[in-house]
Amino acid sequence: MKKFVSMGLWGGVVFVLALTTLVNGFEFGLDEFFFNGTEITHTDDSVYQLSAAANPYQLMVGLTLIPRAAAKGAVCLDGTLPGYHFHRGYGSGANSWLVELEGGGWCNSIRACVYRKKTRRGSSSYMEKELAFTGILSNKAEENPDFFNWNRVKVRYCDGASFAGDGQNKVAGLQFRGQRIYQAAMEELMSKGMRYANQALLSGCSAGGLAVFLHCDQFRSLFSRNTNVKCLSDAGLFMDAIDVAGGHSIRNFFQGVVSLQGVQKNLPQTCTSRLDALSCFFPQNLINHISTPLFVLNAAYDSWQVQESLAPKAADPNGNWYDCKFNHARCSSSQIQFLQTFRNHMLNAVRVFGTSRQNGLFINSCFAHCQSERQDTWFSDNSPVIGSKVS
């Protein structure tokens, strides 16, 4: 699906979908993909295993731990070493790097984080020893024509605060060291040759996509001016939205993440100089102040946000939204209107961002989540086409 995205990032011309067209009602067709991979509350499960199961011939890449991370306090929730999966590039991509920050929700309370530390989202002891590299990480030119031979890295996510926290809770045995994990991973990759990159792309999906907003300019600062550096956030545009009960479910949840994990000190100062820390965890308040070229890929009806932010069980105790949030064909006219309001909220949030010639965006009307990681939504035979370009 996303040759449109990658061409926009590296083809010399950034493809920006005109916001006036979007706001006036132009939409891409709705597809039939629904995502319900929650492992625990507010955890968006990896789509790699879905793709791997569908295609057993995908490249499998082993897990590498970062031994030097422990001395820097860069550890997972349970104190184990962080890790990454790395497949080295070759040929024309030998000096190009794609670093993807893994997603996987957040934990906002001691109880939730204690649970999380006993899973692959909080401990390298439970991580898969191999991951399938598919979608934007695929090594096949026919599946990933723009990045297939780049140095491609998947940084595992085991902190629960989008690689942004820095604190601890000794009583519960919890280490909130996301920011240190990010820094340790970058130092490790620089030592593996990334310091010599001609071009580098920081990407991430969901909680990893939010991490891209938080770390994009930090990533740019690693390289010399001669390196072409850009960022891609996939499904990371989490909106500070009102839920179906008129409450603020996602804001209340993020408040716990920010305060528990010591996120405030690591948020971009371009935002915290103007707004409170909680507001600066929402990408809509960061996006216009990121100086590094950034591409935003998001579904206007992001399935995770519909299910867990707009219509979570707590806001819909009678289940009036249950059918609709898992299948848009079952939504009433009033529910469709509510979703349209959410869509307009998102479009308004990126209106100014979309006017910059260095940035790009692709907001479609799919009920989907994380479109760059799955082969069927990244690049496939039946990917939608806009003009002569595969979208």
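The model is predicted, so local features need pLDDT of at least 70 and side-chain atom pairs count only at pLDDT 80 or more, while totals for chains, interfaces and linings use all residues. Residues are numbered from 1 along each chain as its sequence is written, and side-chain values use heavy atoms, without hydrogens or water.

**Strand pairing**
- β1 and strand β2 (residues 83–87) are antiparallel and share 3 bridges; pairing requires at least two DSSP bridges.
- Strand β1 (residues 59–65) also runs antiparallel to β4 (residues 130–133), with 4 bridges.
- In that pairing, glycine 62 stands opposite glutamate 130 of β4.
- Strands (E, at least two residues) and helices (H or I, at least four) are DSSP runs numbered from the N terminus.

**Nonpolar cores**
- The largest nonpolar core holds 81 residues, and Trp106, Phe219, Phe254 and Phe281 have the most contacts inside it.
- Helix α6 (residues 207–220) supplies the largest share of this core, 8 residues.
- A second, separate core of 15 residues includes Val61, Leu137, Trp378 and Phe379.
- A core joins buried Ala, Val, Leu, Ile, Met, Phe, Trp, Tyr and Cys residues through side-chain atoms within 4.5 Å, buried being under 20% relative accessible area with a 1.4 Å probe, protein chains only.

**Helix packing**
- Helices α9 (residues 303–310) and α11 (residues 333–349) pack at about 110 degrees, their axes 12 Å apart; axes are lines fitted to C-alpha atoms over the stretch in contact, and angles run from 0 to 180 degrees between N-to-C directions.
- α9 and α11 are therefore roughly perpendicular, a class covering 65 to 115 degrees.
- Gln305, Val306 and Leu310 of α9 meet Phe338, Leu339, Phe342 and Met346 of α11, contact being heavy atoms within 4.5 Å.

Key. Buried < 20%, exposed > 50% of the residue type's maximum accessible area, 1.4 Å probe, protein only. Parallel < 35°, antiparallel > 145°, perpendicular 65-115°, else oblique.
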